[in-house]
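These are my notebook entries on a structure that I went through element by element.

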Amino acid sequence: YDAVKEKEQLYMREEFTDLFRSIAIAVFLVFVVMAGQFESLRFSFMVMTTVPFAMIGSFGLLWLFDATISMTSLLGFLMLVGTVVNNGILYVDTVNQYREEMPLEKAIVEAGASRLRPILMTTLTTVLSMVPMAMAIGENGKLMQGLALVDVGGLAASTLLALLLLPVYYRIMYRSEERRVGKECASM
């Protein structure tokens with residue numbers, strides 16, 4: 001009996017390790033795709049900050065529902081990496097477009113105002129579609145509850161925090177760029 005249990009634990013440990021590796025690869029690939037899209041590592045890094053925000057919401061909802069981290073919840077984290085950056089990409093890309101036409105401060109505000117509705121709509125449709133799964137309705141509801149809790153909590157937290165903090169991050173990054181350019185001009 002002990003040998004079977006030990007073998008099962010080894011198998012589970014290997015599976016968890018593989019899933020953590022997959023999550024790390026997903027984070028890297030999303031970062032690389034964004035770096036290519038924005039042609040800037042700074043903007044990519046800024047959008048990637050939505051991933052830790054998502055983790056706050058995911059772990060918070062798992063804790064609130066007293067759910068454990070399982071294979072399905074880890075799959076939820078894997079899905080979440082690609083989903084939570086969408087709102088950040090939409091916001092940053094819009095600010096970049098508006099910066100060509102207007103001053104930075106106005107571009108930051110206008111991008112938030114014009115993209116608030118699409119960001120909320122996409123988040124709400126995903127979150128609301130997962131609510132029944134998160135409530136573990138049905139005989140096998142507990143099986144997929146972890147995935148839904150991770151995605152619902154992660155999307156809700158990352159959307160809220162992205163809408164509040166991405167404008168601040170954008171302004172900070174732009175200010176540091178202004179200082180760097182100012183120092184380069186002064187040294188010439």
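The entries below go from the whole chain to single residues and pairs.

**Ground rules**

I am working with a predicted model, in which local features need pLDDT of at least 70 and side-chain atom pairs count only at pLDDT 80 or more, while totals for chains, interfaces and linings use all residues. I number residues from 1 along each chain as its sequence is written, and I take side-chain values from heavy atoms, with hydrogens and water left out.

**Whole chain**

I looked up the secondary structure of the protein chain and found 6 helices and 0 strands, where helices (H or I, at least four residues) and strands (E, at least two) are DSSP runs numbered from the N terminus. Along the sequence I read the pattern α-α-α-α-α-α. The C-alpha trace spans about 75 × 35 × 25 Å along its principal axes.

For burial I use relative accessible area, with buried meaning under 20%, exposed over 50% and partly exposed in between (1.4 Å probe, protein chains only). Of the 188 residues, 38% count as buried. The chain exposes about 11,400 Å², of which carbon and sulfur atoms supply 66%; these areas come from the Shrake-Rupley method with a 1.4 Å probe, and for residues only the protein chains shown count as cover. I also looked up contacts, meaning heavy atoms within 4.5 Å: among those with a separation of 6 or more, residues 24 or more positions apart account for 72%.

**Helix α1**

I followed helix α1 over residues 2-38, which makes 37 residues, and its first and last C-alpha atoms are 54 Å apart, close to the 54 Å expected at 1.5 Å a residue; the expected span is 1.5 Å times one less than the number of residues. The buried residues in α1 are F16, L19, I23, A26, V30, M34, A35 and F38, and their cover includes α2 (41-48) and α4 (71-99). After α1 comes E39, for which I noted a positive phi, near 55°.

**The largest nonpolar core**

A nonpolar core here is a set of buried Ala, Val, Leu, Ile, Met, Phe, Trp, Tyr and Cys residues joined through side-chain atoms within 4.5 Å. The largest one holds 44 residues, and M34, V85, V92 and Y170 touch the most other members. The elements that give two or more residues to this core are α1, α2, α3 (50-64), α4, α5 and α6 (141-187), with α4 giving the most, 11 residues. As general background, I note that in soluble globular proteins nonpolar side chains tend to be buried together.

Leaving out residues up to four places away in sequence, I find V85 touching V30, M34, V47, M48, T50 and V51. V95, in helix α4, is buried at a relative accessible area of 0%, and with the same exclusion V95 touches A107, I108, A111 and Y170. V95 and V109 are 14 residues apart in sequence, and their C-alpha atoms are 8.6 Å apart in space.

**Two buried threonines**

T123 lies in helix α5 (residues 104-134) and is buried, with a relative accessible area of 8%. The side chain of T123 reaches the backbone oxygen of I119 at 3.0 Å. Beyond its neighbours within four places in sequence, T123 is in contact with N87, L155 and T159.

T49 sits in the loop between α2 and α3 and counts as buried at 13% relative accessibility. Apart from its neighbours within four places in sequence, T49 is in contact with L166 and Y169.

**Salt bridges**

How many salt bridges does the structure hold? I find 2, taking a salt bridge as a side-chain nitrogen of Lys or Arg within 4 Å of a carboxyl oxygen of Asp or Glu.

One joins the side chains of R21 and D18 at 3.1 Å, N to O; being 3 residues apart in helix α1, they are separated by about one helical turn. R21 is partly exposed at 48% relative accessibility, and D18 is partly exposed at 36%.

Another is formed by R171 and E105, with the closest N and O atoms 2.5 Å apart. This pair links distant parts of the chain, R171 in helix α6 and E105 in helix α5, 66 residues apart. E105 counts as partly exposed, at 46% relative accessibility.

Technical notes:
A polar contact is a pair of N or O atoms within 3.5 Å; within protein, one must be able to donate a hydrogen and the other to accept it, and residues adjacent in sequence count only if both atoms are side-chain atoms.
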